[in-house]
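Thanks for coming. I have one structure to go through this morning, and I will take it contact by contact.

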Amino acid sequence: MANSPQALKRARQAVTARAHNASLRSRLRTAIKAVRKAVAKGDKAIAQAAFVSSTSVIDSIADKKIIHKNKAARHKSRLSAAVKAMG
């Protein structure tokens, strides 16, 4: 347990930061699932629109360092390949 006032404050701040980061990670996963669902349905127009919106979400979360930029690039690449493969 934290003993000094400084450590207590950092512990409180860590709880808030963790909750904020968790909500951002959830937004990321939701955006990825939206594209995967659209690809599974087989509607390329909807999948393309979902991909465009998810790309901005993925980039913004990578900019905030919630995920690494290479992981963001990997997600975007795989989603793009899935949309392109729809024919």
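Predicted model: local features only at pLDDT ≥ 70, side-chain atom pairs only at ≥ 80, totals over all residues.

Let me start with helices α1 and α2. Their axes cross at roughly 160 degrees and come within 9 Å. With the cut-off at 145 degrees, α1 and α2 are therefore roughly antiparallel to each other. The crossing of this pair is left-handed. On the α1 side, the residues in contact are L24, R27, L28, A31, I32, A34, V35, A38 and V39. On the α2 side, they are I46, A47, A50, F51, S54, V57, I58, S60 and I61. By type, the residues of this contact comprise 15 nonpolar, two polar and one charged.

Next, α2 against α3. Helix α2 covers residues 44-63 and helix α3 covers residues 69-84. These two pack at an angle of about 175 degrees, and their axes are 10 Å apart. That angle is over 145 degrees, so α2 and α3 are also roughly antiparallel to each other. From α2, the contact takes in K44, A47, Q48, F51, S54, T55, I58, D59 and A62. From α3, it takes in K69, A72, H75, K76, L79, S80, V83 and K84. The make-up of the α2 and α3 contact is seven nonpolar, five polar and five charged residues.

Two residues in that list deserve a separate word. How many salt bridges does a search of the whole structure find? The search finds one. The partners are D59 and K76, whose side chains meet with an N to O distance of 2.7 Å. D59 sits in helix α2 and K76 in helix α3, so the pair links distant parts of the chain, 17 residues apart. Are these two buried, exposed or partly exposed? D59 counts as partly exposed because its relative accessibility is 30%. K76 also counts as partly exposed, at 23% relative accessibility.

Helix α1 runs over residues 5-41, and its axis comes within 10 Å of the α3 axis, the two crossing at roughly 15 degrees. That is under 35 degrees, so α1 and α3 are roughly parallel to each other. α1 passes α3 in a left-handed crossing. I32, V35, R36 and V39 of α1 make this contact with H75, R78, L79, A82 and V83 of α3. Those residues divide into six nonpolar, one polar and two charged.

Now some individual residues. V35 is in helix α1. With a relative accessible area of 0%, V35 is buried. Leaving aside residues up to four places away in sequence, V35 touches A47, A50, F51, S54, L79 and V83. For a distance from V35, take A72: the two are 37 residues apart along the chain, and their C-alpha atoms are separated by 15 Å.

A50 belongs to helix α2 and is buried, with a relative accessible area of 14%. Not counting residues up to four places away in sequence, A50 touches A34 and V35. A50 and L79 lie 29 residues apart in sequence, with 10.0 Å from C-alpha to C-alpha.

What about the loop between α2 and α3? K65 is located there. Most residues other than glycine have a negative phi. K65 is not a glycine, yet has a positive phi of about 65 degrees. K65 is exposed, with a relative accessible area of 72%.

Last, P5. P5 is in helix α1 and is exposed, at a relative accessible area of 67%. P5 and S77 are 72 residues apart in sequence and 46 Å apart in space, C-alpha to C-alpha.

The salt bridge found in the search is the one between D59 and K76. I will take questions now.

Methods:
Residues numbered from 1 in each chain as written. Heavy atoms only, no water. Axes fitted to C-alpha atoms, helices over the stretch in contact; angles between N-to-C directions. Helix = DSSP H or I, 4+ residues; strand = E, 2+ residues; numbered from the N terminus. Parallel < 35°, antiparallel > 145°, perpendicular 65-115°, else oblique. Contact = heavy atoms within 4.5 Å. Nonpolar A, V, L, I, M, F, W, Y, C, P; charged D, E, K, R; others polar. Salt bridge = Lys/Arg side-chain N within 4 Å of Asp/Glu carboxyl O. Buried < 20%, exposed > 50% of the residue type's maximum accessible area, 1.4 Å probe, protein only. Left-handed = near helix turned anticlockwise from the far one by under 90°.
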